Amino acid sequence: MRYETLIRILDQIRSEAPSQQSSRYRPDHTDIEKINQARARAFIHLYMKVMFGISDFSMRERTITDASGDGGIDGYHIDTETKIIYLIQSKFRINEKNFESKEIELEELLMMDISRIMEGEAVDETGVEYNGKIKQLQREISSLPDVGRFSYRIIILANLENITPARLKKLTDGYAAEVFNFERTYEELVFPVITGTYYTASDIVIPIDLSNKNAGSKISYNVSTKYGECEITALFVPTIEVARLMDKYRNSILKYNPRSYLEFEGHAVNESIRDTIVQSDTNEFSLFNNGITMLSDETNINEKIGQKNKAQLWIKNPQIINGGQTSFTLSRILSENPEKAEEVFRNKEVLLKVITLFDSESHTAKLELIDEISNATNKQTPVINADRFANEQFHIKVQHLVFERYGLLYERKRGEFSAGINDGYVDSKKVVERNLFWRVYYAANGQIDRGSERRLFKKNKFSDVDINVFGNFDRAAAGLGLLAALRGKGGAHQPRDQNIYAKIFLYVELFFGADSESSAEHTEQNIALLEQRWSEFGQRQIEKFGPKRRAYIDNQTGEAKIRILDVKFEYSPSFRVDLLRFIAEMKRAAGASAVVVDTPQ
């Protein structure tokens, strides 16, 4: 399932190619070979997008060198901040099995003419001329004013096991090499893209307009708190700069925010923000919006930048802890209207409050401060208790486990997959709401009563869950699979079905660990058998409790009559024990070992 998500991302990247690249990235859908070639090239795009934050397709395409005469180098990136020149060798596999098992041939690494290219040679050892992109790389390196301070790093996008770093270095002409195998690809490229956390902001610069600010660009003062010394800087900044900031960094700048962008739940707020920006030519937005609160490790404002009525705000390691809804809505407006952005956002500003923590080394103090600020300042969409638990390590580990093992997306923070869904990178059917996940988890593992509880995440009582017991999570995944299949069938088979969690347990007991075939036909057969067994169990319960009768008076005839009611046997005190006994009897009849009735609570 993770490979399917990767393919979905690569296909979405292909769709982003401009018209002049359409034949290369969007070939005829019947030409499978060319589609696979396009995906292989999009794979390099994915790496550049995630690792270097290059969101513009054309900028990435400019440095992809993969073609004849590439000297074994498929792409490059020159990072002038870290003084590192990255040279990329990629080997994409067209099916899941090969992608996760097949390794790159060592001969392919030996084909990288790194030293010859870096030395300015125009042809390879056989006399074949290097292509234009490689010559472009040579020109860019030679034009670096401080090229002597740069180092080289070889990136291998392929599986490569059982080779020592020393031997790998020999294969890459003595340059340091880094391998992104399938596991690193899923964890460090795919998952960050679908959560919108793929590029972390370190230092940002926001231009400030001073033309309408009589008292200077800011208000700034020091504050003593129980968490240490802070400086608070308040100023109005252009909304377009906030939109650009959020469009680039997405959820990575909401790391300490207790929730992500609320696409649907915050719909009314989003529309209000949008209307105030799009439907107005004046700056009412600065009056109506509560503003944005940002955390920083260091903050500086420079009003002497050689431009009249202009200044620059510099922020180190920014994190938005309040106002994420505003920021993300502004970024959506920008992405939907890139050509008209300057016109739409012109002269519209928003209040920005930057809190600089001088004692930023204390992570615990920082989190406590964030929690209190979020609680005190958030007015537009309340922060519920469950939101505050979302950043706990337990839930982060569960999220990674569920994605790595099953390809499912455990939504620990409300709205965290919204950006991926909006960009087309994420199938919304793969997203599992946090409370639903835990209801299915408990039901699949025999705790049917807990499965029926509401707002399990809000209570955050998961001390009985051992994250290292994969079998329990495997059962939960099987239950989620059933739920997805029933949803696809429509009708009454929905999470609100009062019997659904008991059915999940029965289903897991019937089929967990059996034939792993997952075809639609096989699933239909399993569901049909499940419904048959459930009907048998229901009949047994009716026989046990007997029909329930209620006397009533017929309004038309005035006669006394008796009505036979359906037995709500799922509410009986013995329901769970009765179901376990029924399952045990089925297994004994089938010659299998019986389950233990007294399962853990």
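In the predicted model, the charged end of Arg450 is placed over the ring of Tyr442, 3.9 Å from its centre.

The largest nonpolar core comprises 49 residues, of which Val398, Phe437, Trp438, Phe473, Ile504 and Leu579 touch the most other members. At least two residues of this core are supplied by each of helices H18 (393-406), H20 (434-444), H22 (456-459), H23 (470-489), H24 (500-511), H25 (520-545) and H26 (575-589). H24 provides the largest share, nine residues. Beyond its neighbours within four places in sequence, Phe473 is in contact with Val398, Leu401, Tyr406, Phe437, Trp438, Tyr441, Val465, Asp466 and Ile467. A second, separate core contains 41 residues, among them Tyr3, Tyr47, Tyr198 and Val426.

Across the whole structure, 26 aromatic pairs are found. Tyr152 and Tyr175 form an edge-to-face pair, with 5.3 Å centre to centre and 65° between the planes. This pair links distant parts of the chain, 23 residues apart: Tyr152 is in strand E3 (residues 151-157), and Tyr175 is in the loop between helix H9 (165-171) and strand E4 (176-179). Both Tyr152 and Tyr175 are buried. The pair of Trp534 and Phe537 is tilted, at 5.7 Å centre to centre and 50° between the planes. Trp534 and Phe537 are three residues apart in helix H25 and are therefore separated by about one helical turn. Trp534 counts as buried at 8% relative accessibility, and Phe537 is buried with a relative accessible area of 0%.

Conventions
Residues are numbered from 1 along each chain as its sequence is written. This is a predicted model: local features need pLDDT of at least 70, side-chain atom pairs count only at pLDDT 80 or more; totals for chains, interfaces and linings use all residues. Side-chain values use heavy atoms; hydrogens and water are left out. A nonpolar core is a set of buried Ala, Val, Leu, Ile, Met, Phe, Trp, Tyr and Cys residues joined through side-chain atoms within 4.5 Å. Buried means under 20% relative accessible area, exposed over 50%, partly exposed in between (1.4 Å probe, protein chains only). Helices (H or I, at least four residues) and strands (E, at least two) are DSSP runs, numbered from the N terminus. Contact means heavy atoms within 4.5 Å. Rings of Phe, Tyr and Trp (its six-membered ring) pair if their centres lie within 6.5 Å; planes under 30 degrees apart count as stacked, over 60 as edge-to-face and the rest as tilted. A charge sits over a ring if NZ of Lys or CZ of Arg is within 6 Å of the ring centre and within 35 degrees of the ring normal.
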